Amino acid sequence: MKIHTKDFRVPEGDEVDLDKWPTKVDPVYKSKQQYKNVLEEHVEKLSDQQRLLYASDRHAILLIFQAMDAAGKDGAIRHVMSGVNPQGCQVFSFKHPSAAELEHDFLWRSTRDLPERGRIGIFNRSYYEEVLIVRVHPELLHSEGIPDAPHNDKAVWRSRYRSIADMEKHLHANGTRIIKFFLHLSNEEQRKRFLERIDEPDKNWKFSLADVEERKFWKHYMKAFEECLGATSTKESPWYIVPADDKENARLIVSQIVLDTLEGLRMAYPATSDKRREELVTIRAKLAK
């Protein structure tokens, strides 16, 4: 089954209603073995594209993953990027900001870790937390020390959406291609995965009481995601809403989206000049003796 990645893309300016976006779709694989085969094929192609990205040295790739807990962000990153050279790829996770980070603007800590040209950067959660969890828990905003901020006004979020969009536009103009994934998990599937984390000893470490407490704010998170996705999905830096109730399916969709983006750059290895070719001929002759 062919994956049509445009089906998951949020159009620029669209008003997002997550109730109308599925958390599960027909699988793009017919068996576990076919899933493994397709994923291996995608991973191999991604490895080839990553080498091209590094050699051409014209673009950087930034992958952003946002989701509710247990949606499969870690697994998607681990499986999809398993064939990429670690030297050309870095993963960063952004949790609660430190005291030093709170002394800066909300974008500062993540901009330090942006990928350089030729490399892939992955943000497992990102600066988007500042319009998601901070919106759901406004007390976090109060700790950021923003002067004269209208803490309880939508102006805060509109301003932050604008700051994010401006930054992403700047990055795109300078060669960074940003792909943003929202792994769309249902409330019921999250409940099942939490139970698995309790019942399976090797998954206990992933679970905490705080995870359950956050379920109380599910509707608030969905509202925050809807407004965020609609306000910050652009033609240049789109959001993709990936159905996440089926982990394997989600990984294949994510890998196809990344592949489509890389292949769309139409990269090529640097051409060899006549002077360089003569130099290589000379070196080869010396090595052949």
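R160 lies over the face of F106, at 4.4 Å from the ring centre. A second case involves R112, whose charged end sits over the ring of W108, 4.3 Å from its centre. The rule for such a contact is that NZ of Lys or CZ of Arg is within 6 Å of the ring centre and within 35 degrees of the ring normal.

A word on what you're looking at: this is a predicted model, where local features need pLDDT of at least 70, side-chain atom pairs count only at pLDDT 80 or more, and totals for chains, interfaces and linings use all residues. Residues are numbered from 1 along each chain as its sequence is written, and side-chain values use heavy atoms, with hydrogens and water left out.

Now for the sheet. It's an open one of 5 strands, ordered β2-β3-β1-β4-β5 with parallel pairing. β2 (89-93) and β5 (239-243) stand at the edges with a single partner strand each, so one side of each has no neighbour in the sheet. On average, neighbouring strands here are turned by 20° against each other, direction ignored. Strands are DSSP runs of E, at least two residues, and helices are runs of H or I, at least four, numbered from the N terminus; two strands pair if DSSP finds at least two bridges between them.

Two helices lie across β1, β4 and β5. Helix α9 (residues 218-232) runs at about 140° to β5, while helix α10 (residues 247-264) runs at about 165° to β4. Contact means heavy atoms within 4.5 Å; axes are lines fitted to C-alpha atoms, for helices over the stretch in contact, and angles run from 0 to 180 degrees between N-to-C directions.

Back to the rings, then. The structure holds 8 aromatic pairs, meaning rings of Phe, Tyr and Trp (its six-membered ring) with centres within 6.5 Å; planes under 30 degrees apart are stacked, over 60 edge-to-face and the rest tilted. One of them is F94 with F123, edge-to-face at 4.9 Å centre to centre and 80° between the planes. F94 is in the loop between β2 and α3 (108-111) and F123 in strand β3, so the pair ties together parts 29 residues apart in sequence. F94 counts as buried at 7% relative accessibility, and F123 at 0% (buried is under 20% relative accessible area, exposed over 50%, partly exposed in between, with a 1.4 Å probe and protein chains only). Y127 and Y128 have ring centres 5.0 Å apart and planes at 35°, so that pair is tilted; both are buried. Finally, ring pairs link F65, F181 and Y240 into a cluster.
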